[in-house]
Amino acid sequence: MNPKDLKYAKSHEWVRVDGDTCVVGLTRFAVDQLTDITYIELPKVGERVTGGEGMGEVESVKAVSDIYAPLDGEIAAVNDALSMDASLVSRDPYGEGWLVRIRPAKDGRLDHLMSAEEYTRQTEGA
Amino acid sequence: MTGKPTELRLIPLETNSAEMAMALDEVLLEGAAAGKPSLRFYQWASPTVTLGYFQPYSVAAGFSGLPVVRRPTGGDLLVHDHELTYALALPDSLVPTKVEELACLIHRVIARSLNARGVSTTCQPAKGKLQIAGAPEGVLCFLHPAAGDVLAGGFKVVGSAQRRSRGGLLQHGSILMKASDHARWLKGIDEVSGTDLDVEELARSLGTEIPLALSLGHSGRPWSGEEKKRALQLVTERYGSVDWNRRR
């Protein structure tokens, strides 16, 4: 079940607006496809990211996949716990397994992101 | 390109240096992301160590004297010597939703092909660890069979790794034909089965069997000039560079 209070990118990241930053993680659908996550590499605090472009990488069962930034902005925080235990992403993708906080660019838009219902329809059709 | 491709491009068996092998595999992935599925087979010009994308360079310390190249794919360290390697690149439209399904599918095809040549194989049911006396702990891919990897005589003889990018997937894998003097703990297909398989014949056969398993036709087409140029660029920028190979 995809939480209704989040926004979703086509590339399977979720976004929660929290004050002046957006918390970003991977959706349950994404982590279920990846199965056991063993390594994760995320951008550094202060790095600029562009919506739709790669911002990190994840390894699971010998497969390396890109993680995409769901919006333009600057990395405000990174979930350091993942460097010790990347499997947190699989265990709790909407909670302790969050990836980064992005401070949206001044003209940063979120209206390209999907609602939970729209995202559920996308993944059911996958 | 629109619609689902129906034909797999087959690139004839070749021998590559390690850095060129990885560069050509990445060229294959770029082609797949542009909608063109391809399959190729290759052997290694000299014994080489490759590291999984996330592995630290230091894990190769026990293999001094061998060239070390970082793969674009995941997994553990491999010593490539007497092996047949395949690389399959598919556009997203042909990739199963679960990443490991493709590895299992291709491994089943290879296992069947080996069985038909008198090699008795099994597929590893779940992630495991092989206990082999004297083998280094924790770094060698062929000591850690994943679900679906192919085993013969108690040794892992086929394993694969993947890279997913926007629009496509690369899966490459090793078929361990004979033991290497550089990884004496591992045995190849010929040692465990008492066979002496013809690598070229096996590659030709798999070049028919893999497309069939994917419900695709196939046609042979060598590298274009543009592709070779791109591969050379990737050797310079990435697989032949110290920055890339020692980045972790």
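How many bridges join strand 8 of chain A to strand 9 of chain A, and in which direction do the two run? Five bridges link them, and they run antiparallel. This is a predicted model, in which local features need pLDDT of at least 70, side-chain atom pairs count only at pLDDT 80 or more, and totals for chains, interfaces and linings use all residues. Residues are numbered from 1 along each chain as its sequence is written, chains are lettered from A and ligands numbered from 1 in the order in which they are written, and side-chain values use heavy atoms, with hydrogens and water left out.

**View 1. Strand 9 of chain A and its partners, strands 3 and 8.** Strand 8 covers residues 73-78, and A:Ile75 stands opposite A:Ile102 of strand 9. Strand 3 (residues 21-26) is joined antiparallel to strand 9 (residues 100-104) by three bridges; here A:Val24 has A:Val100 as its bridge partner. Strands are DSSP runs (E, at least two residues), as helices are (H or I, at least four), numbered from the N terminus; two strands pair if DSSP finds at least two bridges between them.

**View 2. The largest pocket, about 770 Å³.** A pocket is an open set of points on a 1 Å grid over the protein atoms alone, where a 1.4 Å probe fits, with protein on both sides within 12 Å along at least five of seven lines; lining residues have an atom within 4 Å of a point. Volume is the space filled by probe spheres set on the points, which are joined across faces, edges and corners. Of 25 lining residues, A:Ser11, A:His12, A:Phe29, B:Asp92 and B:Arg164 lie nearest the centre.
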